[in-house]
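Here is a short briefing for a reader new to this structure. Look over the sequence and the model before reading on.

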Number of protein chains: 2
Amino acid sequence: MSLTTAAQEALRGQLLDAAERVFYARGIQAVNMSEVRAAADLPMRRVYQLFPSKDDMVVAFLRRRHDCMMSAIEDYVADLPAPQERVLAIFDYLDEWFHEPDFRGCPWMNAYGELGPTNAPVAAEVHHHQQAFRALITGIVTAAGYTAGVANAVYLLVEGAVATAAVQHSADPAGEARHGAELLLTNDRSRAPRPGTRSGRPAGKPDAPTTRVRSAR
Amino acid sequence: MSLTTAAQEALRGQLLDAAERVFYARGIQAVNMSEVRAAADLPMRRVYQLFPSKDDMVVAFLRRRHDCMMSAIEDYVADLPAPQERVLAIFDYLDEWFHEPDFRGCPWMNAYGELGPTNAPVAAEVHHHQQAFRALITGIVTAAGYTAGVANAVYLLVEGAVATAAVQHSADPAGEARHGAELLLTNDRSRAPRPGTRSGRPAGKPDAPTTRVRSAR
DNA sequence: TAGTCTAGAGAATGGTCATTCTCACCGCTA
DNA sequence: TAGCGGTGAGAATGACCATTCTCTAGACTA
């Protein structure tokens, strides 16, 4: 036997960490396998033992990042009691993300732009991510009692903010989208929760201002 | 003299037509210069006479398409008298675009995903497009008397709809974004134009339903 | 008609890249 | 110690591609 399953998993994680770093920073097609190999500090032989092709590695990178992002948002929102705050916290999450120094847009949209038309597995992975991500967002909004129309609009605000922040190298779209969402939420006739009621976060996270995006970094 | 300026311009147009077709359909990096040459039905020598490099051709393709899209939206909106209708017509334009059989998302976001980190001129062109496009959208909204916050949100809805429609291969996001915009517009306290007043398009374009996206094709 | 210029068609060049292969070596068993 | 399965390091392979070059032929001048 060459390698225990646990050791394989550790190496796979090490490789995906490196791949994610270089692919996200510089683009998938702009990075060759030698660079991935070097970034992961693994021999080429091992790289192809862990993933039979670059495409497989790309799909795995996208999937792992998807899982990571989904649970991060769930956690971010989980301990907020007020439904409207839960919705707005999505945009606070975006604001923190946009402030990360190596933020470079949506990994899935980037991959779609690069490989969408020529690489069916990658396109399918992007499609899957977007559907699941959308379901997560709209789930948070509708669970707070708002209409499906509001939920759709909140989701589109999120997507628009990510695309805009990437190209403009600015975190402002998070706040702008948050403001748009506030307008949608406070005016929704089907529910119209009054703002200001039931505010405050439980211990473990600092207070977030109600009307403004929390600053990160 | 090798070629008159007018003839050069005609050939340049012929080449950009072809380049736009193949680049947009299959991605910039996935298409090689021989394919562009073949699609334009021009000898290779001529291609490099018209654009000194593939990068130059890509930038020119993006710029021409930008000019085209900007004036198309201006025209689309121009003859609508009611301010709120002018805003919503943006989404009708999107709906028609999304219904085109070869719609494949935002050419600029696609190019940014492909080349953004490695190709500064392309990144600059995308940046420029997004700023100008945003100014156009927010100009239409604020000229209709709405707040800057509403204008920002409308713009983000547009960007989100384009990204979502591309990946999901669906035109629905146009209608969803339109609905979100309607919620924003009809509830904007700073202006609150009553819906239903001053409706109807002038001759030359068919009537658009007020609450639903106009079907294209 | 001889000379010169330019164009078209496509091959050659030089470089890159994903993937595979070689080879010397290590740890283990008998 | 001889044999064996697997390893690291990196070179070789085969394909692709942007860009340039060659060769042939037509158009135009004198």
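Is the crossing of H4(A) and H6(A) left-handed or right-handed? The crossing is left-handed. Keep in mind that this is a predicted model.

**Helices H4 and H6 of chain A**

- Two packed helices are described by the angle between their axes and the distance between the axes.
- Helix H4 of chain A spans residues 54-78, and helix H6 of chain A spans residues 107-115.
- Their axes come within 10 Å and cross at roughly 155°.
- Angles over 145 degrees count as roughly antiparallel, and H4(A) and H6(A) are therefore roughly antiparallel to each other.
- On the H4(A) side, the residues that meet H6(A) are A:Val58, A:Leu62 and A:Arg65.
- Their partners in H6(A) are A:Pro107, A:Trp108 and A:Ala111.
- By class, this contact has 5 nonpolar residues, 1 charged residue and no polar ones.

**Annotated spans of chain A**

- An unreviewed UniProt entry carries the annotation "domain: HTH tetR-type" for residues 9-69 of chain A.
- That span, residues 9-69, is 80% helix and 0% strand.
- The end C-alpha atoms of residues 9-69 lie 20 Å apart.
- UniProt also lists residues 32-51 of chain A as "DNA-binding region", again in an unreviewed entry.
- Residues 32-51 of chain A are 75% helix and 0% strand.
- The end C-alpha atoms of residues 32-51 are 14 Å apart.

**How the two copies are related**

**The side of chain B that touches chain A**

- Here 39 residues of chain B are in contact with 39 residues of chain A.
- The elements of chain B that give two or more residues to this side are helices H1 (5-26), H6 (107-115), H7 (120-143), H8 (148-168) and H9 (172-187).
- H8(B) gives the most, with 14 residues.
- By class, the residues on this side of chain B are 19 nonpolar, 15 polar and 5 charged.

Definitions and conventions. Residues numbered from 1 in each chain as written. Chains lettered and ligands numbered in written order. Predicted model: local features only at pLDDT ≥ 70, side-chain atom pairs only at ≥ 80, totals over all residues. Axes fitted to C-alpha atoms, helices over the stretch in contact; angles between N-to-C directions. Helix = DSSP H or I, 4+ residues; strand = E, 2+ residues; numbered from the N terminus. Parallel < 35°, antiparallel > 145°, perpendicular 65-115°, else oblique. Left-handed = near helix turned anticlockwise from the far one by under 90°. Contact = placed C-beta atoms within 7 Å. Nonpolar A, V, L, I, M, F, W, Y, C, P; charged D, E, K, R; others polar. UniProt positions renumbered as here; feature names shortened; annotations may be inferred.
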